[in-house]
Amino acid sequence: MDRLLIRGGQRLHGEVVVSGAKNAALPELCAALLTDAAVTLRNVPRLRDVATMRALLERMGVQVRTHGERGGMTLQAADPLEPVAPYELVKTMRASILVLGPLLARCGRARVSLPGGCAIGSRPVDQHLKGLQAMGADMAVEHGDIVARLPAGRTRLRGTRITTDMVTVTGTENLMMAATLAEGETVLENAAQEPEVVDLAELLIRMGARIEGHGTSRIHIQGVPALHGAEHDVVADRIEAGTFLCAVAATGGEAWLRGGRAQHLDAVIDKLTDAGVTVQAEAAGIRVRSPGAAALKAQSFRTTEYPGFPTDMQAQFMALNAVAQGPSAVTETIFENRFMHVQELVRLGAQIRIDGRTAFVEGGSRLSGATVMATDLRASASLVIAGLVAEGETVVDRIYHLDRGYDQMERKLQALGADIERMA
């Protein structure tokens with residue numbers, strides 16, 4: 001099992017290229033199920049989750065070909081397809097639920113194992129099921145599988161108005177994909193507004209879908225009989241960019257994040273600016289300069305749905321708060337079990353106390369290297385940031401979590417001057 005060895009204390013300087021967003025690439029790979037024509041994606045990140053999704057789609061009969069240096073991938077879901085997502089492929093990745101809507105819309109039936117993924121709390125799929133049921137599908141859970149089918153005599157889902165009980169990104173994406181081939185209009189109320197949802201909608205529009213309102217809380221989809229092939233560039237990963245912003249902020253230095261989109265990180269950049277970090281949005285990326293944690297002021301924040309502070313940046317910013325000056329309070333409102341990185345940060349010397357859904361951080365800690373264990377994807381990134389600041393050697397174990405969402409993170413950090421290496 002691979003580990004990362006980090007020798008802390010190096011300021012970061014240089015340039016990195018921000019990869020395509022995992023949370024955009026995964027639903028866009030699933031969108032290829034909606035047509036028998038070829039769909040070509042570029043800027044697809046090289047991640048464990050992407051490899052898992054590819055294996056799942058190939059298992060269903062999708063032909064997948066990689067090409068080019070820009071993460072090119074062409075998918076063709078020609079008939080016949082096997083609309084089954086088995087447990088052995090689904091268990092490691094919650095995003096596998098995203099095949100449900102496209103399969104039901106295209107094939108009229110689907111059997112998808114209940115998904116797994118990071119153990120960061122409950123992420124129920126009931127909103128997906130309720131929405132598809134409202135569109136006319138018969139839904140059931142049998143022996144750990146979601147079983148969906150159109151009623152006898154029907155060949156297409158039917159458009160309707162769907163209001164989800166909560167804002168759900170994958171729920172919005174699943175229902176939006178299903179609605180592209182439904183009869184009539186579907187209106188998604190309380191829809192997620194994340195840039196990844198917008199990027200998926202742009203791909204679907206290129207495929208011939210009729211979608212309006214993406215990026216707002218109300219999305220209108222007018223169903224069409226069929227979609228066609230398209231080409232699309234996956235949007236840059238705002239969470240990867242935000243992670244590097246926090247890393248440079250904590251260690252000090254200056255970096256150019258080529259391809260990063262500052263407009264997708266307003267809440268994070270506002271907090272970094274308040275802390276004393278200089279962040280400049282430029283046409284081709286983001287420039288960040290930091291005097292180092294000793295000159296920064298810790299910032300309190302509360303995670304909320306986009307455009308608020310993203311839960312996927314909570315752990316990384318907490319690592320920064322641990323070494324910046326002054327107290328801060330971090331409140332997690334999205335997932336009830338997303339403080340598992342705290343005990344590992346404490347092992348490195350951070351002073352953090354948890355009370356319910358709020359972590360109280362006493363900044364200015366002098367971190368020292370230790371062996372720590374990654375518990376989920378973003379927790380892994382927070383431990384890497386802490387290790388970059390800590391005195392001595394830090395070993396981050398179980399980094400397969402990191403590989404699920406970061407494209408060769410250690411190599412990018414090495415390019416910025418970090419003393420970090422992967423060990424078997």
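In the predicted model, helix H4 (residues 100-107) packs against helix H6 (residues 169-179) at an angle of about 15 degrees. The two axes lie 7 Å apart. Angles under 35 degrees count as roughly parallel, and H4 and H6 are therefore roughly parallel to each other. The crossing of H4 past H6 is right-handed. On the H4 side, the contact is made by Leu100, Gly101, Pro102 and Ala105. These residues meet Asn174, Met177 and Ala178 of H6. By class, five residues of this H4 and H6 contact are nonpolar and two are polar. No charged residue takes part in the contact of H4 with H6.

An open sheet is formed by four strands in the order S4-S5-S3-S14. Its pairing is mixed. Strand S4 (63-67) and strand S14 (230-233) are the edge strands, each pairing on one side only. From one strand to the next, the twist averages 15 degrees. Within the sheet, strand S3 (residues 38-42) pairs with strand S5 (residues 72-76) in the antiparallel sense. Four bridges connect S3 and S5. Leu41 stands opposite Met73, a residue of S5. Helix H2 (residues 48-60) packs on this sheet. H2 touches S4 and S5. The direction of H2 makes about 145 degrees with that of S4.

A further set of pairings involves strand S17 (residues 285-290), which has antiparallel partners in strand S15 (residues 253-258) and strand S16 (residues 278-282). The S15 pairing runs over six bridges. Here Ala255 has Val288 in S17 as its bridge partner. The S16 pairing runs over five bridges. In this case Gln280 is bridged to Arg287 of S17. S16 is joined to S17 by a hairpin.

At the level of the whole chain, the protein is divided into two parts, domain 1 (3-19 + 236-423) and domain 2 (22-233). The centres of domain 1 and domain 2, taken over C-alpha atoms, are separated by 31 Å. The contact between the domains takes 22 residues from domain 1. Domain 2 contributes 20 residues to this contact.

Note on methods. Residues are numbered from 1 along each chain as its sequence is written. This is a predicted model: local features need pLDDT of at least 70, side-chain atom pairs count only at pLDDT 80 or more; totals for chains, interfaces and linings use all residues. Side-chain values use heavy atoms; hydrogens and water are left out. Two strands pair if DSSP finds at least two bridges between them. Helices (H or I, at least four residues) and strands (E, at least two) are DSSP runs, numbered from the N terminus. Axes are lines fitted to C-alpha atoms, for helices over the stretch in contact, and angles run from 0 to 180 degrees between N-to-C directions. Angles under 35 degrees count as roughly parallel, over 145 as roughly antiparallel, 65 to 115 as roughly perpendicular and the rest as oblique. A crossing is left-handed if the near helix is turned anticlockwise from the far one by less than a right angle, and right-handed if clockwise. Contact means heavy atoms within 4.5 Å. Ala, Val, Leu, Ile, Met, Phe, Trp, Tyr, Cys and Pro count as nonpolar, Asp, Glu, Lys and Arg as charged, and the others, Gly among them, as polar. Domain bounds come from an automatic or database domain assignment.
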